[in-house]
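Hello,

Here is the structure I promised to send over. My notes follow below it.

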Amino acid sequence: MQSKEEPANFVSAAAVDWREVARLVLLSRALDQLEEQHLAPQGRVKYQFSAMGHELAQVLLALQLDQPHDAAAVYYRSRPFMLACGLTPAEALAAGMARAGSPSQGRDVGVVFNLPRRNGPTILPSSGDVGAQYTPASGWAQAITYRQSVLGEAGWGNALAAVLGGDGSVAANGFWSALTIVTTLHLPLLFFIEDNQYGISVPSRLQTPGGDIAANLASFKNLHVLQSDGTDPLEACERIAEAVAHVRSRAGPCLLRLRVPRLRGHTFIDDQAYKTSAERDEEAGRDPLDRLQEYLFEQGFSNQAAWQALSGQVDQAVAGALEEVEASPDPDPAQATRHMFFEGSPPIQGGLRPENAQLPTVYSEPQPSGPRLNLLDAVRRTLESEMARNPRLLVFGEDVGVKGGVHGATQGMQAHFGAGRVFDTSLSEEGIIGRSVGLALAGLLPAPEIQFRKYADPAHEQISDLGTLRWRTANQFAAPVVVRIPVGYGKRTGDPWHSLTGEAVYAHTPGWRIAFPSNAQDAVGLLRTALRGDDPTFFFEHRALLDTPEGRRPYPGDDFCLPFGKANLILPGDELLVVSWGALLHRCLASAKDFPGRVAVLDLRTIIPWDREAVLEQVRRTGKVLLVQEDTITTGFAAEIAATIADQAFTDLDAPIRRLATPDVPIPYNVTLMESVLPSVARIRANMEALLAF
Ligand SMILES: Cc1ncc(C[n+]2csc(CCOP(=O)(O)OP(=O)(O)O)c2C)c(N)n1
């Protein structure tokens, strides 16, 4: 019963199903014991992360996350929470033992969880990277407010996002990035920090000054900060209820620090030699299971006989689950390469497809009309036309709102579509991409801008985790995000910070598609296809083409979509094939003019997927190939093309495969220096000449 002083959404201790709490804590304990006494020593579970000491607090939280659009981002010590959210004992064991039937179908470590909604919150696909759970959780929190206020969906009204993490994780970039996002935007996120005073062996005083993140954040603006003993049933229950009520009632984000013991090593193989025996004894004396039992007996919710009976039922359930998992097969090896990209069947959660909100992609001929547009204007017009048709599309990034982007790609869009849909972000690329993951998982379509390719570096953890998200969850989740990035040297300028193309890094980051258009028409078609697609996509906008004549084309129409993986033979020729993309494509065309009819120029248009067939067909016809790339030479994308040609068309070659690229140096600031390292028209021409004469 709620008393008069209790805030809205407050769940009092009297309303808690303490028998269920006890069952879940006992279940978690029994699974840990089975693993540490049998399965890990036998090598049948390779990573055993005991949750002993953390169980009570996690279960109390999970049972309060009962609204249909609640979500939680968890970490590897969150199994008690998962059990309370509907993970079955058999799934838990199958996960650790890497059997079919685990939530990742044996693809991921057993404690790196994901779970589409059952009886609790949606569990966002978690990561093995400590701290990587925070910014996606902030994205879900932002999606809650977007779906409620921009899309007008009342059902999202009192939803919340929770993120679980340890005391070590509060030193990670993602924690601070998410904290900044949710406090500046007043978002419904609950930070649930389980402080067991250690990372692996590093004590919490080396993670945050004084070892107390809650004390340090006491004066952080817009953050409600709470502390609790995570082993005391009544106190933990009340503080958790207070934290949940605060966030649910839209009073802003909250951080709750729970002090818990870690009753075992970091993992099964950690002997805890860095703790004194007095310290270990002290921790053992704070076992939440003992305190729970004591509390339940005191309150008359249980007694010795009832406790024994419950414990027996739990042991039986675990034994039954083990039998079931032992009888289940290994996952099918034929499936191991599936689900890197969308294959036609929608995921359960994430992106627009589960709610049938996707716009159709129909490939057709361009319908050019009007004057020739800059590539930059073409991008803006495409974003605007898609925004007008798709209310789930959001555009954001640093300076993207009022200013309209440092390059001007989003000029006027905030005024037109409102600050809910087109907005400035805090200066954190990890925050931009990580929040995009959460937004996409919550059924929206984020199209963030990163100001320059080099400045995506801080986001790399989120980028690589997003690339594998569908695969890691065996297609249960997907998060299509379209990231626009201006890349490459500028019109008459370059430098180490603003001029990187760096496509090879992303081509080597599985799960991402990469568009790299050389003109405005292709930019429109590829961007629209990306925005109607199902996969994370990088859309590269070359700076030397943003407002120069080479890139200009008439607008091809509001329905024009261009397929990925279809190269464009811009110039036919019989004796030598030149393959390029982006701005250097135009240098290749200028060079080829001197050899009419002899040099073919193929614009790759997309790097992932790339058009192998078109390249091989032209190689077979001409017998010679020159690959021209702006990115640095070593392990650049041209090397991938060269390897494929050597493998598939070796006997068709009449000359060595040649690459032209920037040497392994950054782009220099001085223009003469810059031009000395970039493949120039003169160097391209000289190489064409040499190959034609070979
Ligand atoms: C980015 C990253 N760095 C390092 C690691 C290795 N690592 C795994 S767990 C861990 C300690 C994390 O401690 P804490 O956040 O306090 O959680 P706890 O294990 O105590 O529950 C470390 C260093 C990792 N997984 N990810």
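A backbone N or O atom of aspartate 167 is 3.2 Å from a ligand oxygen atom. That is a polar contact, meaning a pair of N or O atoms within 3.5 Å. Taken alone, the ligand exposes 590 Å², and the protein buries 71% of that. Areas are Shrake-Rupley values with a 1.4 Å probe.

A word on the source. This is a predicted model: local features need pLDDT of at least 70, side-chain atom pairs count only at pLDDT 80 or more, and totals for chains, interfaces and linings use all residues. Residues are numbered from 1 along each chain as its sequence is written, and side-chain values use heavy atoms, with hydrogens and water left out.

The shell around the ligand holds 16 residues, each with a heavy atom within 4 Å of the ligand. Tyr75, Tyr76, Arg77, Gly168 and Tyr198 are the closest. By class, the shell has 5 nonpolar, 7 polar and 4 charged residues. Here Ala, Val, Leu, Ile, Met, Phe, Trp, Tyr, Cys and Pro count as nonpolar, Asp, Glu, Lys and Arg as charged, and the others, Gly among them, as polar.

The ligand sits in the second largest pocket (more than half of its atoms lie within 2 Å of the pocket's grid points). On a 1 Å grid over the protein atoms alone, a pocket is an open set of points with protein on both sides within 12 Å along at least five of seven lines; a cavity is a set where a 1.4 Å probe fits but cannot get out; lining residues have an atom within 4 Å of a point.

The second largest pocket has a volume of about 260 Å³, the space filled by probe spheres set on the points. Its lining numbers 21 residues, with Tyr75, Tyr76, Arg77, Val130 and His266 nearest the centre.

The largest pocket has about 320 Å³. Its 17 lining residues include Ala504, Ala507, His508, Phe637 and Glu640, the closest to its centre.

There are 7 cavities of 30 Å³ or more. The largest cavity holds about 130 Å³. Among its 16 lining residues, Pro125, Ala132, Pro136, Val437 and Gln462 are the closest to its centre. The lining comprises 10 nonpolar, 4 polar and 2 charged residues.

Best wishes

Terms used:
A polar contact is a pair of N or O atoms within 3.5 Å; within protein, one must be able to donate a hydrogen and the other to accept it, and residues adjacent in sequence count only if both atoms are side-chain atoms.
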